[in-house]
Amino acid sequence: MDIHFRSLVILFCLFIPLLAIATIRIVDGNPVDVNASRTVQAAHDLANVGDTIYVCGWSASYGNLVTNKRLVWIGPGYYLSDNSESQALSSAACIGTLTIDTGSENASFSGLSLTGLITINSDSIAIRRCRIAFDAVQHLTANNVNVLFIDQCFFEISWWATVNNIIFNSSHNVFIRNTFFQNSSGNNSSLLHSNGDAGPFTVTNCIFNGGNINLWNTTFTNNILYSNSIAQNNNNYFNNLGYSNHFGTANNNQSYVNMSVVFVGSGTAERRWQLASGSPASQVGFDGTDCGIFGGANPYVLSGIPAIPTITFLGASMNGSTTNGLPVNFRARARN
């Protein structure tokens, strides 16, 4: 495992020279790496503003995190065993409760598996390529936030109650793009919720499967509403598809779409939402792009692989010496 970390540091130095400006820190549950932090909170408390923290895959959660610093958090991705050429190691990096407080402006989180409540109290936050899986009330809450990006994420929500799952309280300039939402908590729950003074919101190239959408002052473009409903709260709709008449037919929207022919409908949790051959969502989005998470300018990335060089194979001898060193073979590929 220590070889894996050393190889990653080498790749950072070769391919991402800008990161050399700040310290790269490691969170790892494997005790072999004596220089790594064992929890995300310990790494945070040691870090300086602008540092990058690489959270390695591990079989257990790295605990809860309360952050008030501008840091770059990078995990290995998720569902790694489902997709070839993803990572050499298949474990995700899991974080429990996440609280992002003032002082974290311009922080980013990518490639992580977030399994606890998320509370955002800071402006200018980016959550990208994360799997967000909840089974509790009020899963994500943004309070008086200005500028929030939720990009290329995979939400899986299961809580059987009449609740608001993702709440934007008086928040503004929220961008939700190429993100999948699965809500199995029943038709009475509100998947996305805001109050009337919130917005503007921009929701682009998303798929909604379950849970009601109750956002105000939002522009919806290139989305697919697979089930449940969307409220008409001073919103605008362009080039969306719905299983019923939620979007109407003006502005290139499609209503009463047969969802059984939109997606491939089989395969892994992610791949089943790729468009089927001849799908009514193909090339009907704004500027002729596909609707859904795999279309648009920033398509969804399988397994949430972060935009850094990725080790796809790692092999090392069990024997080494101070004279000859330790032979290591690895394959890597660049990621966007």
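# Reading a predicted model, feature by feature

Colleague: Now to the charged residues: how many salt bridges does the count come to?

Modeller: To call a pair a salt bridge, we ask for a side-chain nitrogen of Lys or Arg within 4 Å of a carboxyl oxygen of Asp or Glu, and by this rule the count comes to four.

Colleague: Which residue forms a salt bridge with Asp51?

Modeller: The partner of Asp51 is Arg25, and their closest N and O atoms are 2.9 Å apart. This pair links distant parts of the chain, since Asp51 belongs to the loop between helix H2 (40-46) and strand E2 (52-55), while Arg25 belongs to strand E1 (residues 24-27), 26 residues apart. The two partners can also be read by accessibility: Asp51 counts as buried at 3%, whereas Arg25, with a relative accessible area of 21%, is partly exposed.

Colleague: Which parts of the chain does the pair of Arg128 and Asp151 tie together?

Modeller: Arg128 and Asp151 form a salt bridge in which the closest N and O atoms are 3.2 Å apart. Arg128 lies in strand E10 (residues 125-128) and Asp151 in strand E13 (residues 146-151), so the pair ties together parts that are 23 residues apart in sequence. Arg128 counts as partly exposed at 32% relative accessibility, while Asp151, at 5%, counts as buried. Arg128 and Asp151 are also linked with Arg177 in a network of salt bridges.

Colleague: And what do the side chains of Glu156 and Arg131 form where they meet?

Modeller: They meet in a salt bridge, at 2.5 Å from N to O. Here again distant parts of the chain are linked, with Glu156 in strand E14 (residues 154-157) and Arg131 in strand E11 (residues 131-134), 25 residues apart.

Colleague: Let us turn to the strands. In what order do the ten strands of the open sheet stand?

Modeller: The order is E1-E2-E4-E7-E10-E13-E16-E19-E22-E24, and the pairing is parallel. At the edges stand E1 and strand E24 (236-238), each with a single partner strand, so one side of each has no neighbour in the sheet. From one strand to the next, the twist averages 10°.

Colleague: How many bridges join strand E16 to strand E19, and how would I follow the pairing onward from there?

Modeller: Four bridges join strand E16 (residues 172-177) to strand E19 (residues 201-204), the two running parallel, and Ile176 has Val203 in E19 as its bridge partner. E19 in turn pairs with E22 in the parallel sense over four bridges, where Val203 has Phe220 in E22 as its bridge partner. Finally, strand E22 (residues 218-221) pairs with E24 in the parallel sense over three bridges, and Phe220 stands opposite Tyr237 in E24.

Colleague: Is Leu225 buried or exposed, and where is Leu225 found?

Modeller: Leu225 is found in strand E23 and counts as buried, at 0% relative accessibility. Beyond four places in sequence, its contacts include Phe208, Tyr243 and Met259. Tyr226, in the loop between strand E23 (224-225) and E24, counts as partly exposed at 30%, and Phe208, Tyr243 and Met259 are also among the residues that Tyr226 touches.

Note on methods:
Residues numbered from 1 in each chain as written. Predicted model: local features only at pLDDT ≥ 70, side-chain atom pairs only at ≥ 80, totals over all residues. Heavy atoms only, no water. Buried < 20%, exposed > 50% of the residue type's maximum accessible area, 1.4 Å probe, protein only. Pairing = 2+ DSSP bridges. Axes fitted to C-alpha atoms, helices over the stretch in contact; angles between N-to-C directions. Contact = heavy atoms within 4.5 Å.
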